[in-house]
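This report covers a sheet and the helices around it. The sequence and the structure come next.

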Amino acid sequence: MTQMDTMNETTHTHAELSEQFNVDEARVNWHDETLWWVRQKRDKAAWTLPEWEQLRETASRIKLNTLSDLNAYLKEFEKNAQKNGIIIHWALDGQEHNAIVHGILQKHGVTQIVKSKSMLTEECHLNHYLAEKGIEVIDTDLGERIVQLAGESPSHIVLPCIHKKKEEIGDLFHEHLGTPVGNADPQFLTNAARLHLREKFLTRRVAITGVNFAIAETGEFVVCTNEGNADMGAHLADVHIACMGIEKIIPQRKHLGVFLRLLARSATGQPITTYSSHFVKPQPGQEMHIVLVDNERSTQLGREDFRSSLKCIRCGACMNTCPVYRRSGGHSYHTAIAGPIGAILAPNLDMKENADLPFASTLCGSCSNVCPVKIDIHTQLYKWRQVITREGYSPASKTTAMKAMATTLSKPALYRSAGKMGRWVIKNMPWLVNNKLNPWYKQREMPAPPKMSFGEWYKKNRKQG
Amino acid sequence: MNSREKILAAVKKNQPALEALPSLQDIDAIKFDDAREKFKTVLEGIGGTVINANDTSEVVAFVNNHFKEGNRYVTTIATLGGIEQINSNEDAHKLEDVEVAIVNGAFAVAENSAIWITASSLKTRVLPFICQHLVVVLQGVNIVHNMHEGYEKIAGENYDYGVFIAGPSKTADIEQSLVLGAHGPKSMTVFLLP
């Protein structure tokens, strides 16, 4: 699937895309187990700190304070960053963000750039926009470079090519980087990418990075990587452009202590990322820009039930723990940010296009339990379902079934006879439910029907007692 | 109204009633019996090496013995004799062939073995990233227990650029197989002075 397919294909729902992913069961099991392993590493890292819950609560409250006073914090950040010599831009939406970045490139006459990981630029479809303007963007995070060579988008915000097997990566590198055919050794392939990308770092004059945290008090911003690609790009470029959503602000430098303790432990189980780089001023002779992007974040801020989704620090823990994500793959969410958090952010961007996503959940609540900033993700998934249904966007099959269910549940006599009928059907005509027309039967065996309903059992036993 | 004004107005209109900023004093942050030992264990766990040393002469001896002859070794530590000195007007791109870079660390954090280094001791920001191997010299007394203590140390500091470095550059993007040396150094050796 190409990047454009995953972004713009409107006919494929989460369920349909999951079905494609589920064609190869062994592969789905591998995907599931790999992500669960990452989740277990997260648990081990969290358990090393007795104060873990205190940290989560504090992080949540710092973010709530930030969101409640965001107007003032944004202005404070802008003022301090400008004092540090950084040029600040404001973008209402993705289109304006892309145009600002393109304008900076035009000003410098640059047509080739490097970019480290930024989910915001994915959200704004920056690569596609710049490609149309004749600009070559090289993604420098290894996982992102791999999906870029494959013509895909990242399937996970922290582990962009978690859906790919090493043999496929070996084939891609053979085709694009000239590595020997059939070599799928991770060490060898990583070194090939290192050499390939080092040449890009050394020759590109503009580097784009994302932003993990921006400090209102000091005007500095922090970028976290394990590979060192953000720093290699930024320090070797004449121009550094950092792109951030307006919710990335935190009030003070000391608050980084809280967030950096949580971020990597939640993401991959590491005690901290290899590099936590604090950019305050441009290097001598260098130009530094920050693009502050709204793109409907201010709208989400106004939705009382959903505003706390803006607390997200993009660790990906909710994806690694999600039984639906693990078995449906990131591309099934057809948005830049997949998984449970993506499913509560996306309806704010486009309710109609993303109406299926809040339904792609069992509401088990595991996402909320691992979230380092205590976003009530599963509650918001449930609430989005109601908003989407009220607005008339809910998936058609679900609406019909739900209406039938509502009628049955609202009439006790009908409910009792429907229950009897159901038990009789499963027992005597199992093919009526065990068929391809019933989506619940996919990958499931129907249970043996009970002899009587709970209502009947209760009546009988109460008489006996 | 321009975009800045529109965004700020929309944020102001939609932001909820003010919520208080929590105090960090309430966090009962972890401390260790031996912060130096904890630092060593954590760094080794993430692929780094720690060498206990009495003075910086051991650093020079180590580099000369440990790495291949004929390669470029550089440092920003003025007292390290016999090793090429890098200063702040160095062209970053010309550091491409650096095999080993030796720099001073300001302090380290035991809980995650991250070492704080600022632009003033790096001279050229790209140095600890572009080298093949990184060597950091650290005073053993400068190890704090946790990140909160770390940020207390730099709360009011004026740096142009600063970075916490914890171990060699790494990636696990290919099937979660850990590989040291993604884009930056393939190894990180810390000389821990008394």
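## Sheet and helix packing

In chain A, A:V206 lies opposite A:V239, a residue of β7(A). The model is a predicted one. The two strands concerned, β4 (residues 206-209) and β7 (residues 239-245) of chain A, run parallel and are joined by four bridges.

Both strands belong to an open sheet of six strands in chain A, ordered β1-β10-β7-β4-β2-β3, with parallel pairing. Its edge strands, β1 and β3 of chain A, each pair on one side only. From one strand to the next the twist averages 25°.

Helix α6 (residues 94-107) of chain A packs on this sheet, and its direction makes about 170° with that of β10(A). The strands that α6 touches are β1, β2, β4, β7 and β10 of chain A. The table gives the residue ranges of several strands.

| Strand (chain A) | Residues |
|---|---|
| β1(A) | residues 87-91 |
| β2(A) | residues 112-115 |
| β3(A) | residues 136-139 |
| β4(A) | residues 206-209 |
| β7(A) | residues 239-245 |
| β10(A) | residues 287-293 |

A helix pair is described next. Helix α4 (residues 52-68) and helix α13 (residues 256-267), both of chain A, pack at an angle of about 120° with their axes 10 Å apart. The two helices α4(A) and α13(A) are therefore oblique to each other, and their crossing is left-handed. On the α4(A) side the contact is made by A:L55, A:R56, A:T58, A:A59 and A:I62, and on the α13(A) side by A:V258, A:F259, A:R261 and A:L262. By class, the residues of this contact are six nonpolar, one polar and two charged.

Methods:
Residues are numbered from 1 along each chain as its sequence is written. Chains are lettered from A and ligands numbered from 1 in the order in which they are written. This is a predicted model: local features need pLDDT of at least 70, side-chain atom pairs count only at pLDDT 80 or more; totals for chains, interfaces and linings use all residues. Axes are lines fitted to C-alpha atoms, for helices over the stretch in contact, and angles run from 0 to 180 degrees between N-to-C directions. Angles under 35 degrees count as roughly parallel, over 145 as roughly antiparallel, 65 to 115 as roughly perpendicular and the rest as oblique. A crossing is left-handed if the near helix is turned anticlockwise from the far one by less than a right angle, and right-handed if clockwise. Two residues are in contact if their C-beta atoms, placed from the backbone, lie within 7 Å. Ala, Val, Leu, Ile, Met, Phe, Trp, Tyr, Cys and Pro count as nonpolar, Asp, Glu, Lys and Arg as charged, and the others, Gly among them, as polar. Two strands pair if DSSP finds at least two bridges between them.
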